[in-house]
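The sequence and the structure come first, and the notes follow.

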Amino acid sequence: MKRLINRLLPKSWRSTVVTIPVIRLHGTIMAGGGQFRPSLSLASTAGLIEKAFSYDAPAVAISINSPGGSPVQSRLIFKRIRDLATEKNRKVLVFVEDVAASGGYMIAVAGDEIFADPSSIVGSIGVVSASFGFPELMKKIGIERRVHTAGQNKAVLDPFKPEKKEDVERLKALQLEVHGTFIDLVKERRGAKLKDDPDLFTGLFWTGIKGLELGLVDALGDMRTVLKTRFGAKTQLRLITTPRGFLSRFGLFGSSKGFSAPDIAAAAASGVIDAAEERALWSRFGL
């Protein structure tokens, strides 16, 4: 509406300032999360995405810094961005900061154009599943594992029991299906821009410079420079944030000040493994 009114005004009265909404999608991607372990998921990002697309702007800019995580949440975020881009007829410009790898890159291909820093890490188009095994430790400390199931496959890949070949084969079959979905999505979005390289879908990752050569990104550059070059020197960037509730400002209902000591302890204890996995995702890329 603002753009329509602007066009109806005399040229001397028209505003030359363009405001571009900006979304920051930073962090690991997983369902859940919370006050003590924030993460990217459709639930945590949907409001920001919809608010950004509500602006009467020629484009929506998205800053991505993520080593990946849940393939389901990655695709859900990707789809929400593309659905709104089509519905609102908006261009989506994605800017990679430190890393857009695995699920982070899946979200990045929601962009009509992808920009990266020369030293950014992009790619890692693959699927990984990691866990721990403790059967020898159980023997050493004299603990017997007792698991009772209805259904012979309900306890597959139990970390306290020796790994079975058939269980690993079943897991790899699932991974291949998920990997295939990822590959199809990247090919659909990047199309002829992708170079015919045998390593492209092997899970390897590259710098922004090599990513440009492979067709994983469209150009090298930072958000501010690119947007001002494209939409004018007076272009304003408006960061979209989640509004804080009135009570949360006083430490109630949504602030850590409103949690009891047992709440904090329980959240910390349950997040130890998740924190270790998150650290492992980042460390793969030297971050």
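**Overall**

The model is predicted. Its chain has ten helices and eight strands. Of the 287 residues, 35% are buried. The accessible surface is about 17,100 Å², and carbon and sulfur atoms hold 57% of that area. Among contacts with a separation of 6 or more, 73% join residues 24 or more positions apart.

**Helix H8**

Helix H8 spans residues 223–231, and its buried residues are Met-223, Val-226 and Leu-227. These three lie on the same side of H8, because they cover an arc of only 90° around the axis. In general, an α-helix has 3.6 residues a turn, so residues three or four places apart point the same way. On the face turned away from the buried side, H8 carries Arg-224 and Thr-229, both exposed.

What do the buried residues of H8 pack against? Their partners are five strands: S1 (19–26), S2 (59–66), S3 (91–101), S4 (113–116) and S8 (236–239).

The two ends of the helix each have a local feature. At the start of H8, the backbone nitrogen of Arg-224 has a side-chain oxygen of Asp-222 within 3.4 Å. Just after H8, Gly-232 takes a positive phi of about 115°.

**Salt bridges**

Side chains of opposite charge can pair when their charged atoms come close. With a cut-off of 4 Å between a side-chain nitrogen of Lys or Arg and a carboxyl oxygen of Asp or Glu, the count is eight salt bridges. The table gives three of them.

| Asp-112 | Arg-82 | 3.6 Å |

Arg-82, Asp-112 and Arg-189 are linked in a network of salt bridges. The bridge between Asp-112 and Arg-82 links distant parts of the chain, with Asp-112 in the loop between H4 and S4 and Arg-82 in helix H3 (residues 71–88), 30 residues apart. Asp-112 is partly exposed at 24% relative accessible area, whereas Arg-82 is buried at 15%.

Arg-189 is partly exposed, with a relative accessible area of 24%.

**A surface patch**

Ile-209, Leu-212 and Leu-220 make a nonpolar surface patch of about 230 Å². Ile-209 belongs to helix H7 (residues 208–214).

**Serines in loops**

Ser-39 sits in the loop between S1 and helix H2 (42–53). With a relative accessible area of 11%, Ser-39 is buried, and its side chain reaches the backbone oxygen of Met-30 at 3.2 Å.

Ser-102 is not a glycine, yet has a positive phi of about 55°. Its place is the loop between S3 and helix H4 (103–108), and it is buried at 14% relative accessible area.

Ser-124 likewise has a positive phi of about 55° without being a glycine. Ser-124 lies in the loop between strand S5 (121–123) and helix H5 (135–141) and is buried, with a relative accessible area of 4%.

Definitions and conventions: Residues are numbered from 1 along each chain as its sequence is written. This is a predicted model: local features need pLDDT of at least 70, side-chain atom pairs count only at pLDDT 80 or more; totals for chains, interfaces and linings use all residues. Side-chain values use heavy atoms; hydrogens and water are left out. Buried means under 20% relative accessible area, exposed over 50%, partly exposed in between (1.4 Å probe, protein chains only). Helices (H or I, at least four residues) and strands (E, at least two) are DSSP runs, numbered from the N terminus. The arc is that of the directions from the helix axis to the C-beta atoms. Contact means heavy atoms within 4.5 Å. A polar contact is a pair of N or O atoms within 3.5 Å; within protein, one must be able to donate a hydrogen and the other to accept it, and residues adjacent in sequence count only if both atoms are side-chain atoms. Patches are made of residues with over 30% relative accessible area and no salt bridge: like charges are joined within 9 Å, nonpolar side chains (Val, Leu, Ile, Met, Phe, Trp, Tyr) within 5 Å. Accessible areas come from the Shrake-Rupley method with a 1.4 Å probe; for residues, only the protein chains shown count as cover.
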